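Subject: Structure handover

Hello,

Please find the structure for your files below. My notes on it follow.

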Amino acid sequence: VQLQASGGGLVQAGDSLRLSCAASGLTFSTYAMSWCRQAPGKERECVAAVSRRGRTTYYLDSVKGRFTISRDNTKNSVYLQMNSLKPEDTAVYYCAALQRDGGLVTGLVRPGESGYWGQGTLVTVSS
């Protein structure tokens, strides 16, 4: 299984970025997907999740109203549109297909969390 995240970069506060994650080696449409992040010195947390068909989404309160998760099952891809970025959004962002809660995981990642993880893409937001 491969989850290839891309789209990170260096932006200024208030800017937007769109992250993409291309999945292979799994039946993508049967997995709910999450975007998670880990800032330096902090625990990994999942900030958004989308159901298998894309009809249901969940967000961490800190990104609600600014981030939008979506997916395209015809392209085996999941996306994270990030608007109004803040310096505290600086982190490595990962896409993940997790097992807990049917894959609709938001909040802190548990030690040894079961599922598939991508390699991460760095987002840096300068003030």
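A residue is called buried here when its relative accessible area is under 20%. Please keep in mind that this is a predicted model.

Strand S9

By that cut-off, strand S9, residues 91-98, is mostly covered, with 7 of its 8 residues buried. S9 pairs with strands S4, S11 and S12, and I take these in turn.

- S4 covers residues 33-38 and runs antiparallel to S9, with 5 bridges between the two strands. Within this pairing, Cys 36 has Tyr 94 of S9 as its bridge partner.
- S12, made up of residues 121-126, is also antiparallel to S9, and 3 bridges join them. Here Ala 91 is found opposite Val 123 of S12.
- S11 spans residues 115-117 and pairs with S9 over 3 bridges, again in the antiparallel sense. In this case Leu 98 faces Gly 115 of S11 across the pairing.

The largest pocket

The volume of the largest pocket is about 190 Å³. It is lined by 13 residues, and those closest to the pocket centre are Arg 37, Ala 39, Lys 42, Glu 45 and Glu 88. What classes of residue make up the lining of the largest pocket? There are 5 nonpolar, 5 charged and 3 polar residues. Arg 37, one of the residues closest to the pocket centre, lies within the residue range of S4, the strand that pairs with S9 over 5 bridges.

Regards

Notes:
Residues are numbered from 1 along each chain as its sequence is written. This is a predicted model: local features need pLDDT of at least 70, side-chain atom pairs count only at pLDDT 80 or more; totals for chains, interfaces and linings use all residues. Side-chain values use heavy atoms; hydrogens and water are left out. On a 1 Å grid over the protein atoms alone, a cavity is a set of points where a 1.4 Å probe fits but cannot get out, and a pocket is an open set with protein on both sides within 12 Å along at least five of seven lines; lining residues have an atom within 4 Å of a point. Grid points are joined across faces, edges and corners, and a volume is the space filled by probe spheres set on the points. Ala, Val, Leu, Ile, Met, Phe, Trp, Tyr, Cys and Pro count as nonpolar, Asp, Glu, Lys and Arg as charged, and the others, Gly among them, as polar. Buried means under 20% relative accessible area, exposed over 50%, partly exposed in between (1.4 Å probe, protein chains only). Helices (H or I, at least four residues) and strands (E, at least two) are DSSP runs, numbered from the N terminus. Two strands pair if DSSP finds at least two bridges between them.
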